[in-house]
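Here are my notes on the model you sent over. Please read them with the structure open.

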Amino acid sequence: MSSEYSTQSPVPSTPGGESRKPRVAVVFGGRSSEHGISVVTAGAVLRAIDRTKYDVLPIGITREGRWALTADEPERMAITDRQVPDVEQLAESAEGGVVIPVDPSTREVVYSEPGSVPKALGEVDVVFPMLHGPYGEDGTLQGLLELSGTPYVGSGVLASAVGQDKEYMKRVFTSFGLPVGPYLVIRPREWERDESAARKRIAEFAGEHGWPLFIKPARAGSSIGITKVDSFEDLDEAIEEAQRHDPKILVEALLRGREIECGVLEFEDGPRASVPAEIPPVQSHDFYDFEAKYIDSASGIVPAPLTDEQTAEVQRLAVEAFEAASCEGLVRADFFLTEDGKFVINEINTMPGFTPISMYPRMWQESGVAYQELVDLLIQAALRRSTGLR
């Protein structure tokens, strides 16, 4: 598929005018509850980047927020014995830090350790931000890169923020006429001011839509912090679990039907949708939760067994969601195909899981774009795209 599109980008040069390979900083880890999954994803991308075309600089962000220089050893960045990896295990120093300049006139990255002279690491031409969740996927890192004038893979500040906050994501979709399921938002001030009134709202919502309900952190991903609640008696524990990850929570009604996903990839002539996938029910799991996704490696069906008309419809809706949120680069759009045959959009992920067995790369593999090629397309698109208003 990619042969139809140009993969030419500006060729960087040395101070002496000699051409050099573009330098890609793969940034991963971060302060969110998805830290470990981010490390796993980055390991897969590091393995896939064509070293004959690019120089690579791996930068890990610890759970405390320190930007650490890490070894380029993707084999250490995998789930082992059901445990996810951590940036601290990969950092070359327990104290040193990497600094990306916010001066757009230079892209020189610097590494410093206490008591030592700062060391220049060279220029970075593009950042591949493999961060999931708050403090990375939510527009915060994208804002830093905009200030520094450094191109990066994926959506900009607004789309990243919208894609992270499930409440405002649904509001955007609704304003563009996209179908969403019933939901309720409990904000932290509401919970702190009048907890009983908030509980009453949830009870009324359950009375209208029935049990079970899903209690979610409003700004988390990878199904972390989500609980399926079958009765009011189980609500307190579910709310407490969601609020461990985000003080704002989302309450969603159960939509009975099939879980369908669709990838969107931006080419030079605009975004295109992949073949869709289906997430079948997972034995021993109430829903497609974190354990099912990453520890037990539950597998989806690619392509999804849909009619041609259903495939075209979900692809259309996925691209519309991409455009509605002003996304760039890539998105995975998640839907329910309800029992009455209608697609309802659940959410988008502006930086979806990206290991070779993750659903987004698998859908594009079935659409004719291999994993290494997919990584290359995203880097090349970022190199062509300027920062700033666009």
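1. Start with helix α1, residues 35-48, and helix α12, residues 371-384. Bear in mind that this is a predicted model. The two helices pack at an angle of about 95°. Their axes are 9 Å apart. An angle of 65 to 115 degrees counts as roughly perpendicular, so α1 is roughly perpendicular to α12.

2. Which residues in α1 and α12 meet? From α1 come A44, V45 and A48. From α12 come Y371, Q372 and V375. By class, the contact of α1 with α12 has five nonpolar residues and one polar residue. No charged residue takes part in the contact of α1 with α12.

3. Now the annotated positions. The UniProt annotation "binding site" covers E347 and N349. Note that the entry is unreviewed. Both E347 and N349 are included in the lining of the largest cavity.

4. Take E347 next. E347 sits in strand β16, which spans residues 343-349. Is E347 buried or exposed? Its relative accessibility is 12%. Buried means under 20%, so E347 counts as buried.

5. With 12% relative accessibility, N349 counts as buried. What does N349 contact, leaving aside its neighbours within four places in sequence? The list is E137, L330, V331, R332 and D334.

6. A333 belongs to strand β15, residues 330-338. Its relative accessibility is 0%, so A333 counts as buried. Not counting residues up to four places away in sequence, A333 touches I260, E261, C262, A318, E347 and I348.

7. How many residues apart in sequence are A333 and E261? They are separated by 72 residues. In space, C-alpha to C-alpha, A333 and E261 are 5.7 Å apart. E261 is among the residues that A333 touches.

8. E347 counts as buried, and N349 counts as buried. The "binding site" label on E347 and N349 comes from an unreviewed UniProt entry.

Key. Residues numbered from 1 in each chain as written. Predicted model: local features only at pLDDT ≥ 70, side-chain atom pairs only at ≥ 80, totals over all residues. Heavy atoms only, no water. Axes fitted to C-alpha atoms, helices over the stretch in contact; angles between N-to-C directions. Helix = DSSP H or I, 4+ residues; strand = E, 2+ residues; numbered from the N terminus. Parallel < 35°, antiparallel > 145°, perpendicular 65-115°, else oblique. Contact = heavy atoms within 4.5 Å. Nonpolar A, V, L, I, M, F, W, Y, C, P; charged D, E, K, R; others polar. UniProt positions renumbered as here; feature names shortened; annotations may be inferred. 1 Å grid on protein atoms, 1.4 Å probe; cavity = no way out; pocket = protein on both sides within 12 Å on 5 of 7 lines; lining within 4 Å. Buried < 20%, exposed > 50% of the residue type's maximum accessible area, 1.4 Å probe, protein only.
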